[in-house]
Amino acid sequence: MGRRLLPGALGAMDRICARAVQIGLPAVVFTEHLDLETAWRVDDGDIGEHAQKYVGTDGLVRLPAFDVDGYLEAIDRMRRAYRGLRILTGVEFGQPHLWDAVAAPVLARGIDRVNGSLHMLPWEGEDRTEPTTLYRHRPASEVMWAYLEEIPRMVAGSDSFAVFTHIDYAVRSWPSATAGPFDPGAFEEGFRSAMRAIAGSGRALEMNTRQLRPWIPQWWAEEGGRAISFGSDAHTAESLAANFPEAMAMAEHFGFREGADPVDFWRR
Ligand SMILES: [Fe+2]
């Protein structure tokens, strides 16, 4: 038994598996966050309520280390409890271009799906922070361009991840109150170059279904993207596979087709 297995975490996984069975999903991948930054800076209010407890009095966020043993044991338990459901291991690995070597022992433990995420950008010397904080300190378009320009560096600087997640991450916190509504056309070349880098490396692009943006699969297909995965970014059972039917229809429209195995990427 894993010493540090939290009953709360197990309960959440159990609810997600039960929900998957209830809505007829053939498979789930639990992509646990793997963030190796020991600390990063946030402005007040720039972090979700669930993570407030990790903000120190010095304004730095410190996450507990990823407990790979506990995670694998929890997956094992779920597999025993839900035999009809395919359950894959996975991580959402933040800034892999900076942490490949450090993450190697974790990834070598048998992680089925490694998603790569860009959550943080350089800020003031050694510090890194999220776009949501950067938007308070720099012009919005500068932050968006910095995000997009970091993507090819992340792709070239890591061998460990197979899927680039939520390419619209910096769009989520776009400060429309001060910068006006987000216009993807203003950053089209940045998104397209980032996509070309991802496609050129043979990776898949995640269709993150938290919010659907048809220009993402369209530009991805036009820039040579061959594979996509679907991720609902569900942190609760209720949002598991949210918007999947619409996302699948969109992917199909741009020429992507499902594979023989439900855990395969969709390809074109
Ligand atoms: Fe993420």
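Author: The donors of the iron ion follow the spacing E-x26-H-x46-H along the chain. The model is predicted: local features need pLDDT of at least 70, side-chain atom pairs count only at pLDDT 80 or more, and totals for chains, interfaces and linings use all residues. Residues are numbered from 1 along each chain as its sequence is written, and side-chain values use heavy atoms, with hydrogens and water left out.

Reader: What makes the protein residues at the iron ion donors?

Author: Donors are N, O and S atoms within 2.8 Å of the metal (3.2 Å for Na, K and Ca); water is not among the atoms, so sites may look incomplete. Glu92 (OE), His119 (NE2) and His166 (NE2) lie 2.0 to 2.3 Å from the iron ion. Therefore they count as donors.

Reader: Where in the chain do glutamate 92 and histidine 166 sit?

Author: Glutamate 92 is in strand β4 (residues 86-94). Histidine 166 is in the loop between β8 (163-164) and α6 (169-172). They are 74 residues apart, so the pair links distant parts of the chain. Helices (H or I, at least four residues) and strands (E, at least two) are DSSP runs, numbered from the N terminus.

Reader: Why is glutamate 92 called buried?

Author: Buried means under 20% relative accessible area, exposed over 50%, partly exposed in between (1.4 Å probe, protein chains only). Glutamate 92 has 7%, so it counts as buried. Histidine 166, at 2%, is buried too.

Reader: And why is aspartate 46 called buried?

Author: Its relative accessibility is 11%, so aspartate 46 counts as buried. It lies in the loop between β2 (40-41) and β3 (60-61).

Reader: Why is α5 called roughly parallel to α8?

Author: The axes of α5 (residues 140-156) and α8 (residues 188-200) cross at roughly 10° and come within 8 Å. Angles under 35 degrees count as roughly parallel, over 145 as roughly antiparallel, 65 to 115 as roughly perpendicular and the rest as oblique. So α5 is roughly parallel to α8. Axes are lines fitted to C-alpha atoms, for helices over the stretch in contact, and angles run from 0 to 180 degrees between N-to-C directions.

Reader: How do you know that the span of α8 agrees with its length?

Author: The expected span is 1.5 Å times one less than the number of residues. For the 13 residues of α8 that gives 18 Å. Its end C-alpha atoms are 18 Å apart, so the two agree.
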